[in-house]
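The sequence and structure come first, followed by notes grouped by topic.

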Amino acid sequence: MDDHRKDNANARGRQGEQTPCRAFTDAKAAVGVFIYRCRPEFGSLAAALGGLDALVFTGGVGENTPAITEGICAELGWLGVGIDHKADTQGASRISHEAAKVDVYMIPTDEERVLARGACEFLRNVKGAGD
C-alpha cells in the first residue's frame, strides 16, 4: 500500500470507516465551512443588489437548525444582519433582533411538495413536446 493510501486508511480507521469522534469532528468542520462560505456569497449578492432589505431562511436549514442560521447571521453582521436567539429557537417568523438593519425571516416550506410539483410540470412539458 503506498503512503497516500495508508494515510487515508489511518485517518478513517482500520477498515476505512470513520470513528464516531472523527465523524463528529468532520461534520462540525463541514458546518463551519458552510457557514463561512455563506459570507462571500451573501456579500456578492448584497453588492449586486446594492444592499439587503431582508434575508429569508427556509427549508431544512432555516426551519431546523438555529445554530446554522445564527452562525450565518453572525458572519453577516457587517451587512446589518442580527438575529434574536430566542425568536430563532422558538420558530418565530421574524427572527432578526429589533436593532438589526436587515430583517431576517424564517419561512417554512414543504420542499418535497415543491420538488414534486416541479417534476410534474417537467413531465407535462416533456410529454407535450412529443405530441
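**Charge pairs and surface**

The whole structure contains six salt bridges, a salt bridge being a side-chain nitrogen of Lys or Arg within 4 Å of a carboxyl oxygen of Asp or Glu. The model is predicted: local features need pLDDT of at least 70, side-chain atom pairs count only at pLDDT 80 or more, and totals for chains, interfaces and linings use all residues. Residues are numbered from 1 along each chain as its sequence is written, and side-chain values use heavy atoms, with hydrogens and water left out.

**Salt bridges**

- Glu 75 pairs with Arg 39 in a salt bridge whose closest N and O atoms are 3.5 Å apart.
- This pair ties together parts that are 36 residues apart in sequence, because Glu 75 lies in helix α4 (residues 66-75) and Arg 39 in helix α2 (residues 20-49); helices are DSSP runs (H or I, at least four residues), numbered from the N terminus.
- Glu 75 is partly exposed at 23% relative accessibility, and Arg 39 is partly exposed at 35%. Buried means under 20% relative accessible area, exposed over 50%, and partly exposed in between (1.4 Å probe, protein chains only).
- Glu 98 forms a salt bridge with Arg 94, with 3.5 Å between the closest N and O atoms. Glu 98 is exposed, at a relative accessible area of 72%, while Arg 94 is partly exposed at 28%.
- Arg 113 and Asp 110 meet through their side chains in a salt bridge of 3.3 Å, N to O. Arg 113 is partly exposed at 47%, as is Asp 110 at 34%.

- Glu 70 lies in helix α4.
- Glu 70 is buried but has no salt bridge, and the nearest side chain of opposite charge, Lys 86, is 13 Å away. Here Lys and Arg count as positive and Asp and Glu as negative; His and the chain ends are not counted.
- The side chains of Glu 70 and His 85 make a polar contact at 2.7 Å (a pair of N or O atoms within 3.5 Å, one able to donate a hydrogen and the other to accept it; residues adjacent in sequence count only if both atoms are side-chain atoms).
- Apart from neighbours within four places in sequence, Glu 70 is in contact (heavy atoms within 4.5 Å) with Ile 83, His 85, Asp 88 and Thr 89.

**Surface**

- Phe 122 is found in helix α6 (residues 111-129) and is exposed, at 53% relative accessibility.

Conventions: Helices (H or I, at least four residues) and strands (E, at least two) are DSSP runs, numbered from the N terminus.
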